[in-house]
Structure formats: C-alpha cells, structure tokens
Amino acid sequence: MRSVRVGAHTLRVSRSAWPDIAWAVFVGLNLAAMRLLPSWQTVPFLAIWVSLTVIYGFRLWRLQPTILTMAAVTLATGGIILVQVVEGQQDADYLAEVPLIALMFLVMVWHGRRRLSAMQDRLSALEELQRISQENLRLLEQQRQFLQDASHELGTPITVALGHAELIEREATDQVAADARVVAGELARLRTLAHRLLLLASAGSPDFLALAAVPVDALLLDALSRWGHTQRRWRLGEIAETTVLGDRDRLAAALDALLENAIAYTGTNDRIELSARMDGEGVVFAVADTGCGIPESDLERIFGRFARVSPHRGRAGGGFGLGLPIVQAIAEAHHGSVRVRSTVGEGSTFELQVPAA
C-alpha cells in the first residue's frame, strides 16, 4: 500500500513538472545550436529567452527559483557567446545583448510579482468583505427571527389581556371603567405594534406575497369602508378600471397605513382623497390630504423605521413610526415604489406604484 501511494505521488509530481522538463530540453537543444551552428547567429539565443518568458508566464515560479533560472540561462548563453567572440566566430557587440535581455526579463519578473501581490491583496480584501457580508446576513437573519418570535409570543398575552380589559370596561362603572378603557386602548396599540413588527420581519421571506389579480376599485372601496367612519371630508377621485398583480391583504395593509398617516396629519375639516390611475405598465394608488403637511427636511427620513414627524394633529401621542416603512416594504416586494409630495400648511400626497396585472 505504501509503494502504491509513493507511486501515485511520483506520478502527480511528474505530471506537474513536465512543462519544466520540456522547457529544459528545449533550452539544451538551443544551447547546442548556438555552439555548433554559429551561422544561425541570434535565433537560438532569442528562442531561449522567449521560451523562458513564456514558461514563466505559465508557471509563475517563486522568486528564488526564478532568479536562479535566469542566472543559469544568462551564464550559459553568455558563456557560449563569449567563447564564440574569443574564437572570432561572433562580433564583440553580440555579447552586450546578454545582460540587456536578462535585464528586460528581470523587469518583467518585477512587474509580474508586483501585480501578483496586488491581486492577492485584492483577493484578501474581497474575502474579508465576503466574511463581513456573511456575518451581517447572519445577524440580520437573527434579528428577523427575533422579531418574528417576539411578535408571535406577544400576540397571545396581549389578546388575552385586551379581552379581560374590555370585559372589565363593560361590567364596571365610573373610574374603573375609564381606567379599563385606557388599558384596553394601550393593549390595542401593543397588538398593532406586534402585528407590524411581524409584517416587517417577514417582508423579505419568499412567501411574503400571494400574488393574484386584484381589482383596483375593490381595494379602494374596501379601504374607504374601513376608515370612512373617521370624521374627515372623504372623497373618491379617479379610479382606473383595471387590476393589479399583487397580494390583496398586503396592498390593503399598505393603503391602511397611508390612510392612518393621512388621518394623523389632518383635522376634522380637512379633505382626504383616494384615487388610482394608470401610469405606463403600472397602477398608482394615491392618498392626498389637505392637512398640515410634512417639512421638507423630514421627507427623506419618514420611510425609516420608527421615524416620527411632529405635529400629529390626529393623535396626541403619535404612531409607532412603522406605517410608512411597511408601505415601502410592501411596494418593494411588489417590485413597485412609494413616493411623497408635501407642502407645509397645504397637505401631502403619497403614491404607491405597483405593476398592473
């Protein structure tokens, strides 16, 4: 068994070394031609150095073997030419070519080593970048999993506590009922927060969307029926008679978030308008209001998570700052986009663009 392993190792070594062996034989033949056929002049000499350049380009020997090989070729070719000069077979000027060619090869080796070192540095940097990226992906996945688990775990106790608070509110009177209403309201807010955290955490998962053809008019009318009880001046604008390719529940959640945001920035006498129009190969859902508007300095950050802008005229405490990030996540999941135009004192218009069916 040991002899078989040794034989296999010898075979692998011989296979990897055969170009070097073939080159050495080629050099030997050309050295013999230089010595025996002086009339050929520089042909064998140049063939040796060209072959050395070629074999180095393919083999990329380490620096020490490269220097030793170059020195050996220089001495061999220079020695033969020196003998020919002494014997009167060649001109003395021919001997000057040997150090010049050797210097050219040395410069090529230096450039090759320098570029190889730079490439290795870039590869090391890319490997480090890949490692950092993989670590970031792992941390993001852990964060997403934590949000999913936390949202699931919070959902049940919040629902139970909310049920008991509502029961106390119905059965109690006076101050106890008022306190129960406060508790129920805060528990409802916590349930909404847990639901939105879960939605954001699952936004990147493959099963986030269940795509189907969804009628545009049905989406708008359903949204208006959910929010129309709020005291505002509601209006339906243009409604494109078409369908969109999307997830009905997710798109409804996006519209709810836009309407909730509009209510937060408007008063009872302000107008909120819903519309949907065709725009190229997509449909643009628009929610426009005549509320207080958003300062220009805040427009770039309102789609960030937990970002909140004051004042909130509809709610004293404001929201969680997750509604607009949810809209953006749903839009991007549909290969769409969301944008906003706003003027302080005049109102805002949010537009959700998704592909048509």
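This is a conversation about a predicted model of one protein chain.

Visitor: How many helices and strands are there in the protein chain?
Guide: The protein chain has eight helices and seven strands.

Visitor: And what percentage of the residues is buried?
Guide: Of the 357 residues in the protein chain, 37% are buried.

Visitor: What about contacts between residues at least 6 apart in sequence: what share of them joins residues at least 24 apart?
Guide: In the protein chain, 71% of those contacts join residues at least 24 apart.

Visitor: Let us turn to single residues. Where is M34 found?
Guide: M34 belongs to helix 1, which covers residues 2-36.

Visitor: Is M34 buried or exposed?
Guide: M34 counts as buried because its relative accessibility is 3%, and the cut-off for buried is under 20%.

Visitor: Which residues is M34 in contact with, leaving aside neighbours within four places in sequence?
Guide: M34 is in contact with P44, F45, I48, T77, I80, I81 and Q84.

Visitor: How far apart are M34 and P44?
Guide: In sequence, M34 and P44 are 10 residues apart. In space, their C-alpha atoms are 5.9 Å apart.

Visitor: Now T66. Which helix does T66 lie in?
Guide: T66 lies in helix 3, residues 63-86. With a relative accessible area of 1%, T66 is buried.

Visitor: What does T66 touch?
Guide: Not counting residues up to four places away in sequence, T66 touches Y56, W61, F105 and V109.

Visitor: Moving on to helix 5, what span should its 28 residues have?
Guide: At 1.5 Å a residue, helix 5 (residues 174-201) should span 40 Å. The C-alpha atoms at its ends are 41 Å apart, so the two values agree.

Visitor: Which residues of helix 5 are buried?
Guide: Among them are A177, A180, A184, L187, L193 and A194. R196, L197, L199, L200 and A201 of helix 5 are buried as well.

Visitor: How do helix 6 and helix 7 cross?
Guide: The axes of helix 6 (residues 216-227) and helix 7 (residues 248-264) come within 10 Å and cross at roughly 45°. The two helices are therefore oblique to each other. Helix 6 passes helix 7 in a right-handed crossing.

Visitor: Which residues make the contact between them?
Guide: Helix 6 contributes A218, L219, L220, D222, A223, R226 and W227. From helix 7 come R248, L251, A252, L255, D256, L259, E260 and I263.

Visitor: What classes do those residues fall into?
Guide: The contact of helix 6 with helix 7 has 10 nonpolar and five charged residues, with no polar ones.

Visitor: At what angle do helix 7 and helix 8 pack?
Guide: Helix 7 and helix 8 (residues 323-333) pack at about 145°, and their axes are 9 Å apart. The crossing of helix 7 past helix 8 is left-handed.

Visitor: Which residues meet there?
Guide: R250, L251, A253, A254, A257, L258 and N261 in helix 7 meet G323, L324, V327 and I330 in helix 8. By class, that contact has eight nonpolar, two polar and one charged residues.

Visitor: Last topic: where is H335?
Guide: H335 is in the loop between helix 8 and strand 6 (337-343). At a relative accessible area of 73%, H335 is exposed.

Visitor: What is its phi?
Guide: H335 has a positive phi of about 60°, although H335 is not a glycine. Most residues other than glycine have a negative phi.

Terms used. Residues are numbered from 1 along each chain as its sequence is written. This is a predicted model: local features need pLDDT of at least 70, side-chain atom pairs count only at pLDDT 80 or more; totals for chains, interfaces and linings use all residues. Side-chain values use heavy atoms; hydrogens and water are left out. Helices (H or I, at least four residues) and strands (E, at least two) are DSSP runs, numbered from the N terminus. The expected span of a helix is 1.5 Å times one less than its number of residues. Buried means under 20% relative accessible area, exposed over 50%, partly exposed in between (1.4 Å probe, protein chains only). Axes are lines fitted to C-alpha atoms, for helices over the stretch in contact, and angles run from 0 to 180 degrees between N-to-C directions. Angles under 35 degrees count as roughly parallel, over 145 as roughly antiparallel, 65 to 115 as roughly perpendicular and the rest as oblique. A crossing is left-handed if the near helix is turned anticlockwise from the far one by less than a right angle, and right-handed if clockwise. Contact means heavy atoms within 4.5 Å. Ala, Val, Leu, Ile, Met, Phe, Trp, Tyr, Cys and Pro count as nonpolar, Asp, Glu, Lys and Arg as charged, and the others, Gly among them, as polar.
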